[in-house]
Amino acid sequence: MARAMVLIWAFSVLLVSTNLVHGLGVNWGTQMAQNLHPSVVVQMLKDNKIGKVKLFDSDNWTVKYFAGSGIEVMLGIPNNQLSMLSDDYGRAKDWVKHNVTKHLKDVNIKYVAVGNEPFLKAYNGSHLKTTFPALQNIQKALNEAGVGDKVKATIPQNADVYDSGTGGPSAGDFRKDIRDLMVQIVRFFNANNAPFLVNIYPFLSLYQNPDFPVEFAFFDGGAKPVQDKNIQYMNMFDANLDTLVWSLKKSWAPNVEVMVGEIGWPTDGNKNANVKMAKKFYDGLLRKLATNKGTPLHPGYIEVYLFSLTDENQKSVAPGNFERHWGIFRYDGQPKFPMDFGGKGNDKMPIGAKNVQYLPAQWCVFNKDIKNMSLVANNIQYACSQSDCTSLNYGSTCNNLDKAGNISYAFNMYFQMQNQDVEACNFQGLAKIVKQNASTSDCLFPIAIMSDGRRLNMVTGVSALAGLLTLLALF
């Protein structure tokens, strides 16, 4: 019987990995007003033959739906739990017991991601004292539970933990302010046969530096090459990953496996965040991964997790308005553009989420009969601060709406994210509910989906209202 169960599980793994770039995974975040049900997401992954998923927490209710799916799971530990797990080994043991060993019989858990980009410069060192002890405690607990050979603990790091200045990848090394700590961590990885997980975002280089050569972010060979000793780099991905390879060599840990924990391209919220550029990026990335040639200093297979599965309309927009639009699929699990997860160029629309339940087909729009416009600006500001108006900003998909369209979009987003509560479409008498679709050819006015039952707290960023300034100037 046991042998039969192993064969069934192995067959499940085969089913979800056929005709796919080897080792391809995807991130699934849930910072949304209404989330897709985990069973729907599992089916999406299987339908598209995506065999690996990286989560940002370890919610038991979510994890149980991966049982028997054959999908490899990476659990996540949020940064706000690092202190607790670093101070108390007993809590680390309890975490492993309740989140890993509890599921291992039925769920293919492979990694535990301890924190999420905890050494990001923007965090100003908040997690420098807690991350490594938490990592050590979790791996120790995994080992003591007898699963340390199967499940490895790692830390998803932003690529800003290393740098090469202007010297090319060969000048790469870990940041001076954290180098000693990083050396300890990577040697710990080496001793425990755990991977180094790095997030690489060519889009962010383009977003943060107006002088960044656009074509260097892609894989088409159109960029001016970067010469580093006897190696010529044609794209940022290769140059960035090899900078990490050099950093590991200089830390006496050259054999640590390198994995890409996040990589992708957003489709809205910025002039360079659009479907055309996202498709170009993914086509090139998947084509490259399909060859298994790797990079000049890391030849061969590279395990990669795309970011992200779906849009998340409650993510912080502190880094930029594009943060809510990283999904390959929309908020409702429907695909945005054709692509080939096999990297062969056989583009077709990915298979969207099935059996998604929507709220009634109704929209909250501006009542054009209103003559007194003095109340509009404050109500738009309120609606956008409590929902998601990032598609209205410069360079975004809904940037060309007229005045009434801008108001309606803001009101409708609030209405939908409040689960179409009738009281959420009032705005001091400025709004009304209609049955006619308010969408335009370029701008989708979404209809909310039925929530999976778990409402998340609203996540806002320090720049959440910054994008409203242009919009409010209209009134």
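The lining of the second largest cavity divides into four nonpolar, three polar and two charged residues. This cavity belongs to a predicted model, and about 50 Å³ of space lies inside it. The count of cavities of 30 Å³ or more comes to two. The chain around them has 13 helices and 15 strands, and 57% of its 475 residues count as buried.

**The second largest cavity and its surroundings**

- The residues that line the second largest cavity are Phe237, Lys288, Leu289, Asn292, Lys293, Gly294, Gly300, Tyr301 and Ile302.
- Asn292, one of these lining residues, is found in the loop between H10 and E13.
- The phi angle of Asn292 is near 55 degrees, which is a positive value in a residue other than glycine.
- Asn292 has a relative accessible area of 33%, so it counts as partly exposed.

**Overall form of the chain**

- For 475 residues, a compact globule would have a radius of gyration near 23 Å, and the 23 Å of this chain agrees with that value.
- Along the principal axes, the C-alpha atoms fill a box of roughly 70 × 60 × 50 Å.

**Nonpolar cores**

- In soluble globular proteins, nonpolar side chains tend to be buried together.
- The largest nonpolar core of this chain holds 107 residues, and Val114, Ile138, Phe196 and Leu306 have the most contacts inside it.
- Helix H10, which covers residues 275-291, gives the most to this core, with seven residues.
- Another core of 32 residues lies apart from the largest one, and includes Ala404, Phe411, Cys425 and Ala431.
- Ala278 lies in helix H10, and Ala278 is buried because its relative accessible area is 0%, under the 20% limit.
- From Ala278 to Trp326 there are 48 residues along the chain, while their C-alpha atoms are separated by 9.2 Å.

**The X8 region**

- UniProt, in an unreviewed entry, lists residues 362-445 as "domain: X8".
- Over residues 362-445 the chain is 30% helix and 10% strand.

- By residue type, the lining of the second largest pocket has 12 nonpolar, seven polar and eight charged members.

**Backbone details in loops**

- The peptide bond from Phe307 to Ser308 is cis, and its omega is near 10 degrees.
- Ser308 lies in the loop that runs between strand E13 (303-306) and strand E14 (363-366).
- Lys49 has a phi near 60 degrees, a positive value in a residue other than glycine.
- The place of Lys49 is the loop between helix H2 (38-47) and strand E2 (52-55).
- Lys49 is partly exposed because its relative accessible area, 28%, falls between the limits of 20% and 50%.

**Sequence separation and distance in space**

- Gln81 is in the loop between strand E3 (72-77) and helix H4 (82-87).
- With a relative accessibility of 25%, Gln81 counts as partly exposed.
- Gln81 and Val114 stand 33 residues apart in sequence, and 9.1 Å separates their C-alpha atoms.
- Val114 is also among the residues with the most contacts inside the largest nonpolar core.
- Leu204 is part of helix H8, residues 202-208.
- Leu204 counts as buried because its relative accessibility is 16%, under the 20% limit.
- Leu204 and Ile447 are 243 residues apart in sequence, and their C-alpha atoms are 30 Å apart in space.

Notes
Residues are numbered from 1 along each chain as its sequence is written. This is a predicted model: local features need pLDDT of at least 70, side-chain atom pairs count only at pLDDT 80 or more; totals for chains, interfaces and linings use all residues. Side-chain values use heavy atoms; hydrogens and water are left out. UniProt positions are given in the numbering used here, feature names are shortened, and annotations may be inferred rather than shown by experiment. Helices (H or I, at least four residues) and strands (E, at least two) are DSSP runs, numbered from the N terminus. A nonpolar core is a set of buried Ala, Val, Leu, Ile, Met, Phe, Trp, Tyr and Cys residues joined through side-chain atoms within 4.5 Å. Buried means under 20% relative accessible area, exposed over 50%, partly exposed in between (1.4 Å probe, protein chains only). Ala, Val, Leu, Ile, Met, Phe, Trp, Tyr, Cys and Pro count as nonpolar, Asp, Glu, Lys and Arg as charged, and the others, Gly among them, as polar. The radius of gyration is taken over C-alpha atoms; the globule rule is 2.2 Å times the number of residues to the power 0.38. On a 1 Å grid over the protein atoms alone, a cavity is a set of points where a 1.4 Å probe fits but cannot get out, and a pocket is an open set with protein on both sides within 12 Å along at least five of seven lines; lining residues have an atom within 4 Å of a point. Grid points are joined across faces, edges and corners, and a volume is the space filled by probe spheres set on the points.
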